[in-house]
Structures are given as structure tokens and as C-alpha cells.
Amino acid sequence: MLGAFILIFILFGVSQPILNSIQQRHKFVKAGFLNQMYWYHMLFGGIYYSYTLVARSDSVNYYNKTLKYWPTWGSAFSPGTDFMEWMAFPFVRYLNFNYEMTMFLFTWFGFLGFVYFYLFFKENLRFNPKFEGYDAITIFMFLPNMHFWTASLGKGAVIFCGIGFLVYGLSWPGKRIPHLAIGGLLTYMVRPHILFAIVIGMGVGFILGKEKVPAYQKYLTAIGGLVISILVYDQLLTYLGYDPNNIVESFEEESGLNAQRLQSAGSGVDMGSYSLPMKLFTFWFRPLFVDSPNLLGIFVSMENLLYIYMFSRVLNKDFIKFIKGAPAMVKMSGIVFISISISMTFVMSNLGIIIRQKSQIMYFMLFVVIAFMDWQKTNKMRKRLEIYNRIVEEEQRNRELSESK
């Protein structure tokens, strides 16, 4: 454990030039805030490690397989679980990292995801939306459940890091090719279907967004999204466990297997009998307190109440008007959130798995919500300015009339 403790401070030192470089490019960034987030996330790395001491964790299997199974580094390079072991391989086999050190290394990857999601939020919003008087973005960056499932040797930390890089790169694609490349690779290698959804979402958002760009660029984006869809279609279905030549039958078989698994799942929910709105509600907002048999479930329930409150903010007649004229990044986030949510509701039947999986996409929903709040505030300020200008103009006219008399 001493090695892991030392590594935490080494990774803090490694983070400083990265954060300083970010601060130079983005004046709104405060390195002190990101450092606080580093220690907060590392705290959850320790909490997750403590959790593995009393409960089964895939991270133990990832470490043991990395240590003993793969003959060479390159042999582990393939999408899915193997990619976790490929990333861990040089540290475990060449640098002799023990299990605890590898856990905190991957916790650091999760931290980088938070950094770039924070940048994505801040540079795409004009104001700092408030939640009960507190900065909403700051609250979102410290949600416990988001940190818990991205603080261990596993897919959660890597996919979150990849999506963070990816959405940051998509904000300025021409200037952030390295971020797009790293984010795209990590996302694809862990969960190809999420990269697929983000690419499609960005293509649609770019075409329908309010940004004024040449028509040829929109057509090139649409064609590029179509080509990527065709290229990864078979690999995507195979990864998800479906037969590309017989999708309907393989989907029904997978649904049947999920129903069987449900019988033995302690936190299982019968999603198969739910309507689509109820499936989505379950995926987004459960467990609630009645579903929570332990302390972890209670913390998750409190966070889900926040999600319900934030989601309720878009149940507003102005939201349709907002989304029609919203920027590309907002539309991309909405499409990604809805499309992934719908697809996951058909293959998820266990609240424990749902809690883990939705942490990868909830920031997309929260971004849409606070972008709407940002738009509402802008409109209020515009209306106040218009009223003020009318008052000034009226007073000016009255003065001119009185002077003419």
C-alpha cells in the first residue's frame, strides 16, 4: 500500500504541467479547483479500493490476468475487457506495479476525464448556472457516484476519460486533433457503441446546429458519419453480442438471457415488462430510496433526486424553442444521451449495473439542462436590456419634446 501512497503524490506532480498548460489556454480555469478535484477523486479511489476488500470486483481479475496470462503486450490489444489489461500491461509487467498502484493509476485516468468534461462545460456556456445559489458545474463535478465508478482499474475510468477527451476535442475539431484521436481510440476500444452514438450525434448536431457553416461542410460531415456507421456496423453488433445476419433473432435471444439472469439478480428489475418511458425512468433515476438496501444505494438515491430535479427544469414550454435553435454541442449531447439511454434499457436488468453504466452519459443530460438554464438567463438579460433601452429612448424623446416647447 505504501507504493500506491507514493504513486498518488507522483501522479499529482505529473498532473501539474498538464493543468498549468490547460490554465494558459483557458483563462477561466483555476488550477486550485482542479487540484481539489484531484484529491477528491483520489479519495474515491481509496473508497473503491476499500470496497474491493469486502466485495467482488472485476479489477482483481483484470490485474491477475495482466500479471499472468498475456505473453506479450501486443497480444492483449483488442476491444473490450482485454484493452484494460493492455493499458495496465507495461505498468504491471515492466514497472512491477502491484494491484493497489494499478488501481490508483486508473483512478488518475478517471480524473483526467473530469478535467476535460469540466472544460467542455465551461467553454460551451456563457454564464455559471446556479443551483440553489451554488455553481451548478461545480456541483456536477463533485457528484459522488460519478467519482466512485470512475476510480478503479476497469472500464468505467477509461471510458470516462475517453469521452472527456472526445467531447472536448469536438468543441473545436480542427484545433484539437490529438484529443479527438485519444478520446476516439479509448472510447472505441472500451465501448464501440458509445463512440458510434457520439459520432452520429455530432454529425446530426453539426448539421442542425445554429452555427453558420458552409453547406459543403455539413454534407461532408453527414457523409463521414454514414461511412463510419457502415464501417463499424458489423463490429458493433458483434461486440454487443448480436448476429449481424440475424439481428431480430439474436436480440430476442439476448433479451431472454437477460430475463433469466434477472431471476438470480439481487438488485434485478423486470425491465422487459416496462413501457419505454418506465424503462427510461428506471435507467435514469433509479434506485430511489425504496430500492436502496445499503448505504451506497442511499447515496445513489440522493444523487438520483438531483437528476430528477435537473431533468424537471426542461419540462418547460420554452425548451422546444431553445432546442430548435441550440448549438451543435447541445444537440449532440441530447442525441447521445437519448440514443444510448434507449439502447441500454433493452439490455440492462440490474440496478447495480445500471448505476455503473449511466455514469458514462449523465453529464450529457446535465449539459443540456444547464445550457437551457444558460439560454433562459441570456433571454432574461436581453429582455431587461430591451426594456431599459425603451425607457432611455422614451426619456430622450420626452426631453426633446420639452426642449422644443
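Analyst: Helices here are DSSP runs of H or I with at least four residues, numbered from the N terminus. By that numbering, the loop between α4 (81-94) and α5 (99-123) contains N96. The model is predicted.

The backbone angle comes first. Most residues other than glycine have a negative phi. N96 is not a glycine, yet its phi is positive, at about 60 degrees. N96 counts as exposed because its relative accessibility is 60%, and exposed means over 50%.

Now the aromatic rings. A search of the whole structure finds 50 aromatic pairs. One of them joins F77 and F83 in an edge-to-face arrangement, with 6.1 Å centre to centre and 70 degrees between the planes. The label follows from the angle, because planes over 60 degrees apart count as edge-to-face. The two partners also have their own accessibility values. F83 has 1% relative accessibility, so F83 is buried; the cut-off for buried is under 20%. F77 has 40% relative accessibility and therefore counts as partly exposed.

Ring pairs can also join into a cluster. One such cluster links F114, F117, F120, F121, F140, F160, Y363, F364 and F367.

The charged end of K65 sits over the ring of Y69, at 5.1 Å from the ring centre. For W172, the charged end over the ring belongs to K175, and the distance to the ring centre is 4.9 Å.

Notes
Residues numbered from 1 in each chain as written. Predicted model: local features only at pLDDT ≥ 70, side-chain atom pairs only at ≥ 80, totals over all residues. Heavy atoms only, no water. Phe/Tyr/Trp six-rings, centres within 6.5 Å; stacked < 30°, edge-to-face > 60°. Buried < 20%, exposed > 50% of the residue type's maximum accessible area, 1.4 Å probe, protein only. Lys NZ or Arg CZ within 6 Å of the ring centre and 35° of its normal. Helix = DSSP H or I, 4+ residues; strand = E, 2+ residues; numbered from the N terminus.
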